[in-house]
Amino acid sequence: MKIVHIASEVFPYMKTGGLADVVGALSSTQADSGHEVSVIIPGYRLAMSHPDALQSERRLRLKIEMGEKFISGDVRVFSPKRNLSIYLICRDEFFDRRNPYGNGERDYEDNAERFIFFAKSAVEAIRLLDLQPDIVHSHDWQASLAPIFLRFSERRYGLTLAIKTILTIHNIAYQGLFPSAVFELTNLPRELNSVDGLEYYGQVNLLKGGILFADQVTTVSPRYAKEIQTTEFGFGLDGVVLSRSEGIIGLINGVDTQVWNPKTDTLIPARFSSNDLKGKATCRTALLRVAGFNPQFTGPLYGIVCRLVEQKGMDLLLENEEFFLKQNCRLVILGSGDQKIEARIRELQNQAPDKVFLNPKLDEAMSHLIEAGSDFFVMPSLFEPCGLNQMYSQIYGTVPIVSRVGGLVDTVIDIDEYATRGTGITHEPNAESLRAALKRSLVLFADKATYQEVQKRGMQTDFSWKKATLGYEKLYSDAL
Ligand code: ADP
Ligand code: GLC
């Protein structure tokens, strides 16, 4: 099959979260299975400075209609491996910036223009470069208008309608919601600026457009597919999701075992497996050292890696500060994002610098060290479409403590509910229930034999992309 992915992030060229890992691993696995795969992303400054991108060549000069203007851009391409091409949509004014979406406090004011330009350019590149895909697979709001632009482009140029479009929602909380005037930039027929189109309570909602017009809509776990049909988790789009009569398919993400594998990981100081955990002890000591703690510490070490946003439940964690202050334990957090959340964690660190450590940066190597060196991985998300870190931690023998939402439900089995199958500790998404879960972790940690059984079960779970790739293959074939 010829497959084109359109996404705002792909690892290792641009990453702020799991979207990048997933688009990277999915496209790479598809290429390995013999499909011809292209990934179209914005030519962000960071992506352009990657050594692979420095070798890219210019393929096309674009002129994109944006309202009453035409805006130009370039399409560059490189191929990191067989069957895989990465296309970069370049326009310095839009993408040559320090961050992809905003300055840390606020989103960029021209995000509508930037990403409408991106989605239109992706569709133009497919047409002008004659990529002739069977499937155009868009991800999240930044790419969600591509299915509509594709249909209008086909109509305008009298092209085939054989291409099928898929939209994957990685997080329905991010919708691309903009003032109504933005509709002009789409150059779509006026009737589409209505309740049956992009209009959403007087604004323009890009994700809504994708949900309505893609041939098939998917999300990243079966549980989240159900959740987003409810008012509690639908972020106002539950009605739109429900309006798709054939439903939304939930396919759980996999783990890229080329990148996340304790047997081969070169970002950690020692490698290990479920048969030989010595290397894990070395990683643990290294992590304690990096955090400035006594490397001989023997109590439980809790790790967290996440974007500091409300979704990740840091409020619940901070409501449990007593636990971390009083118990004989250590807490290491790697996370960047919301400065208010960062400040509150910093306060906790100031109260107990010998017990709590925060690294407020994006740090790929440290994210691997935390997965490898911690005893428990804490993920008290308020909602979680899939979540990757709870899978990474299981593979690295770090027992996850997660809230019972979204993909976390689909990937972590509670040890108290299923003593012989359990791989982690689960709790309701509230502070009290998290407190109980943390206490249960102390009991588990004290019982070394049981702890090791749980650890090994996690390490032996198959989280590879094999299953998910087959799921997407079936989805594509059914769509075609
Ligand atoms: P989300 O996509 O909602 O952020 P996921 O669990 O799906 O959550 O994926 C998060 C990804 O981003 C993981 O690969 C995680 O290791 C990574 N990550 C998050 N914060 C950081 C950070 N500060 N430094 C390095 N990697 C990070
Ligand atoms: C989103 C979600 C996360 C998911 C990731 C990849 O960022 O928040 O739960 O794992 O996308 O699909």
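At the start of helix α15, a side-chain oxygen of Asp363 comes to within 3.3 Å of the backbone nitrogen of Ala365. Polar contacts here are pairs of N or O atoms within 3.5 Å; within protein, one atom must be able to donate a hydrogen and the other to accept it, and residues adjacent in sequence count only if both atoms are side-chain atoms. Helices (H or I, at least four residues) and strands (E, at least two) are DSSP runs, numbered from the N terminus. The model is predicted, with pLDDT of at least 70 needed for local features and 80 or more for side-chain atom pairs, while totals for chains, interfaces and linings use all residues. Residues are numbered from 1 along each chain as its sequence is written, chains are lettered from A and ligands numbered from 1 in the order in which they are written, and side-chain values use heavy atoms, with hydrogens and water left out.

Helix α15 (residues 364-373) is largely enclosed by the rest of the structure, because eight of its ten residues are buried. Buried means under 20% relative accessible area, exposed over 50%, and partly exposed in between (1.4 Å probe, protein chains only). The buried residues of α15 are Met366, Ser367, His368, Leu369, Ile370, Glu371, Ala372 and Gly373. Their packing partners are α11 (278-290), β13 (301-308), β14 (330-337), β15 (356-359), β16 (376-379) and α16 (389-395), where contact means heavy atoms within 4.5 Å.

Several of these elements return around ligand 1. The shell of this ligand holds 22 residues, and the closest are Gly18, Asp21, Arg307, Lys312 and Lys361; a residue is near a molecule if one of its heavy atoms lies within 4 Å of it. At least two shell residues come from each of α1, β13, β14, α15 and α16, and β13 gives the most, with three. Polar contacts to ligand 1 involve both side chains and backbone. A polar side-chain atom of Lys312 is 2.8 Å from an oxygen atom of ligand 1, and a nitrogen atom of ligand 1 is 2.8 Å from a backbone N or O atom of Lys361. A polar backbone atom of Leu388 lies 2.9 Å from an oxygen atom of the ligand. On its own, ligand 1 exposes 560 Å², of which the protein buries 93%; these areas come from the Shrake-Rupley method with a 1.4 Å probe, and for residues only the protein chains shown count as cover. By class, the shell around ligand 1 has seven nonpolar, seven polar and eight charged residues. In this scheme Ala, Val, Leu, Ile, Met, Phe, Trp, Tyr, Cys and Pro count as nonpolar, Asp, Glu, Lys and Arg as charged, and the others, Gly among them, as polar.

Ligand 2 is surrounded by 14 residues, the closest being His170, Asn253, Glu384, Cys386 and Gly387. Helix α1 (residues 18-32) gives the most to this shell, with three residues.

Turning to charge pairs, the whole structure contains 25 salt bridges, each defined as a side-chain nitrogen of Lys or Arg within 4 Å of a carboxyl oxygen of Asp or Glu. One of them joins Arg61 to Asp74, with the closest N and O atoms 2.7 Å apart. This pair links distant parts of the chain, 13 residues apart, with Arg61 in strand β3 (residues 57-66) and Asp74 in strand β4 (residues 69-81). Arg61 is partly exposed at 48% relative accessibility, whereas Asp74 is buried at 17%. Glu93 and Arg91 form another salt bridge, with a closest N to O distance of 2.4 Å; Glu93 is partly exposed at 47%. In helix α20 (residues 465-479), Asp478 and Lys474 stand four residues apart, about one turn of the helix, and their side chains meet at 2.7 Å, N to O. Asp478 is exposed at 55%, and Lys474 is exposed at 53%. Elsewhere, salt bridges that share partners join Lys15, Asp21 and Glu364 into one network.

Finally, Ser153 lies in helix α7 (residues 146-157) and is buried, with a relative accessible area of 9%. Leaving aside residues up to four places away in sequence, Ser153 touches Val123, Arg127 and Leu159.
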